[in-house]
Amino acid sequence: MNDDVERTLVARLEAAGRGVDPASGAWARARARVFAAQPQRSHARWFAVVAATLALMIVFSAAAYASPPDGPLFALQRGLDRTLLALPLPSEVHARAQVGVGERRIVQAAQVSSRSSADVVSDLLDEGSAYYRGARTTAGTLRADVRAQILRDLAHSERSAADALRESIPSATQKNQQLLEQHEGELNDGAYDDEQRSENEGEHEGNN
Amino acid sequence: VPADAVRLDAARRGDRTAFASIYEELYPKVYRFAYFHSHSAADAEDAAAEAFLRALEHIRGFRGTAEQFPGWIMRIARNVIIDRARSTRRTAQMVADPVGPDPATDADDRVVLRQALGRLREEQRSVLVLRFMVGLSAREVGAAMAKTEGAVEQLQHRGLASLARELGETREGTTR
């Protein structure tokens, strides 16, 4: 194709384009259609998606925390607990959260000790004890007076958990009874040690 | 600059008046682009309106400059046209359609050109329509088609050659 043909063709295309304009009626109809659309359509949809997701999360979280260890949503409860404790919380809050989760696991072990296998109960007890150890470690990083308070709370929690285990022993399966007795003893020993440490911290703080 | 930066920023923030101002300026170009890809003026009107609806819906997500905005909206228009062609399976029919245009508004040469354009590959047709009938620069066409300026120029060159061939055949078969 030579340049003249190309130039002529381009001129024809340009002329054809210039002759095409929307009729005023079409323009107005299109304008009405475009601007009749809901304002912020995408924003509204985004908001609806976020609201629905949040609502689902709340419902599932509530159901997960109500789930017993042998329930279908217990894995979600575990995941949420781990997520909570992985957040960059202040150490004092973190330690208290560890105490709370530790006690909940041990009480859950007591609750299912009459129907669940020894493996399940043992896992729950070990998990609870691990959270308590974590709380103790976290407390060690805190100021003496705060540490003393955390250790007092920890000891109180351990005694409550030990009570829950003791009360469940009569109804537990034979294998679970041994596990509960063993952990009850360990919890009471831990509580005693934590109380002693707490008192020492208190005295140390008083001497200062 | 077809849509200046201040007006575009306002439209992004949801200012309907600003978007309306952009619409008034660009609607004829979008319509013209749609017209040369459509069966009729009514089809072109629908496609152009749909393109602006999509633009209104997604304008918050547009991250380009005001200079890039015409290319962006033409890209939306092109997607609308391709979607409509797919959904109605009209592409093949459009190529073969001997009548197509609205006789009340189309001059003879426009009829001939429109038919010949309809027989080109979609990319070549889009480049020729955007460059010469809508009047965009090669850079703006590149933005509309997600191609480099060099690729647009190649498509333009091949498109003109193809169109010349098609018109040669058309002339033989018509009484122009």
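The structure is a predicted model, in which local features need pLDDT of at least 70 and side-chain atom pairs count only at pLDDT 80 or more, while totals for chains, interfaces and linings use all residues. Residues are numbered from 1 along each chain as its sequence is written, chains are lettered from A and ligands numbered from 1 in the order written, and side-chain values use heavy atoms, without hydrogens or water.

The predictor gives the complex an ipTM of 0.77 and a pTM of 0.51. Among the elements of chain B, helix H7 (residues 122-134) has the highest mean pLDDT, 91. Helix H5 (residues 91-96) has the lowest, 44. Helices here are DSSP runs of H or I with at least four residues, and strands are runs of E with at least two, numbered from the N terminus. Residues 91-106 of chain B stay under 50. For this stretch the model has 26 contacts (heavy atoms within 4.5 Å) beyond four places in sequence. The pLDDT is also below 50 over residues 170-176 of chain B, a stretch with 8 contacts beyond near neighbours in sequence.

Across all chains, 10 aromatic pairs were found. Rings of Phe, Tyr and Trp (its six-membered ring) pair if their centres lie within 6.5 Å; planes under 30 degrees apart count as stacked, over 60 as edge-to-face and the rest as tilted. The rings of B:Tyr35 and B:Phe36 have centres 5.2 Å apart and planes at 80°, so this pair is edge-to-face. B:Tyr35 is buried (under 20% relative accessible area; exposed is over 50%, partly exposed in between; 1.4 Å probe, protein chains only), at 2% relative accessibility. B:Phe36 is also buried, at 2%. The rings of B:Phe62 and B:Trp72 have centres 4.9 Å apart and planes at 40°, so this pair is tilted. It links distant parts of the chain: B:Phe62 lies in the loop between helix H3 (41-58) and helix H4 (69-88) of chain B, and B:Trp72 in helix H4, 10 residues apart. Both residues are buried.

Ring pairs join B:Phe19, B:Tyr23, B:Tyr27, B:Tyr31, B:Tyr35, B:Phe36 and B:Phe52 into a cluster. The charged end of B:Arg114 sits over the ring of B:Tyr35, 4.0 Å from its centre. This assignment requires NZ of Lys or CZ of Arg within 6 Å of the ring centre and within 35 degrees of the ring normal.

Helix H3(B) is mostly covered, with 13 of its 18 residues buried.

Conventions: pLDDT is the predictor's confidence in each residue, from 0 to 100.
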